[in-house]
Amino acid sequence: VLLERYGHERYIADIGATSPFVVLDDLGAERATDWATERVMEIVHRRQADQAATVITSNASLADLRDKYGDSGARIASRLKGWCAVMHLGGSDRRSS
């Protein structure tokens, strides 16, 4: 219903910003188009402002994310650093075993 009413762009932003729990899986693996960078920034900003339950997974470091997202990268990395508890998980890549 939201997709039909608002279109793809608004749907993603609304779901990402208003859902009670969101998982951003493999952040930084997507192609960093202007559109994708704007959506990431919007979702991270709104969820941080609302202190909403969010899990973010990524193989990228904060420095990698800062570089990937261009002008918005420093703001995204700063918000994540100040808002998230970073957990480093080690081990072998199960997909290649």
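Predicted model: local features only at pLDDT ≥ 70, side-chain atom pairs only at ≥ 80, totals over all residues.

User: Is Gln51 buried or exposed?

Analyst: Exposed. Its relative accessible area is 58%, and the cut-off for exposed is over 50%.

User: Which other residue has a positive phi although it is not a glycine?

Analyst: Asp26 has one, of about 60°. Asp26 belongs to the loop between β1 and α3.

User: Switching to strands. How do β1 and β2 pair?

Analyst: In the parallel sense, over four bridges. β1 covers residues 21-24, and β2 covers residues 53-56.

User: Which residue in β2 is the bridge partner of Leu24?

Analyst: Ile56.

User: Which residues of β1 are on the covered face, and which on the uncovered one?

Analyst: Val22 and Leu24 are on the covered face. Phe21 and Val23 are on the uncovered one.

User: What about Val55? Where is it?

Analyst: Val55 is in strand β2. With a relative accessibility of 36%, Val55 counts as partly exposed.

User: What does Val55 contact, leaving aside neighbours within four places in sequence?

Analyst: Phe21, Val22, Val23 and Leu24. For Val23, the C-alpha atom is 4.7 Å from that of Val55. The two residues are 32 apart along the chain.

User: Now helices. What are the angle and axis distance for α3 and α5?

Analyst: The angle is about 30°, and the axes are 10 Å apart. That makes the two helices, α3 and α5, roughly parallel, since the cut-off for that is under 35 degrees. Helix α3 spans residues 34-49 and helix α5 spans residues 70-83.

User: Is the crossing left-handed or right-handed?

Analyst: Left-handed, as α3 passes α5.

User: Which residues meet there?

Analyst: From α3, Thr37, Val40, Met41, Val44, His45, Arg47 and Gln48. From α5, Ser72, Arg75, Ile76, Arg79, Leu80 and Trp83.

User: And how many of each class?

Analyst: The contact of α3 with α5 has six nonpolar, four polar and three charged residues. Arg47, Arg75 and Arg79 are the charged ones, because Arg is classed as charged.

Terms used: Residues numbered from 1 in each chain as written. Heavy atoms only, no water. Axes fitted to C-alpha atoms, helices over the stretch in contact; angles between N-to-C directions. Parallel < 35°, antiparallel > 145°, perpendicular 65-115°, else oblique. Left-handed = near helix turned anticlockwise from the far one by under 90°. Contact = heavy atoms within 4.5 Å. Buried < 20%, exposed > 50% of the residue type's maximum accessible area, 1.4 Å probe, protein only. Pairing = 2+ DSSP bridges.
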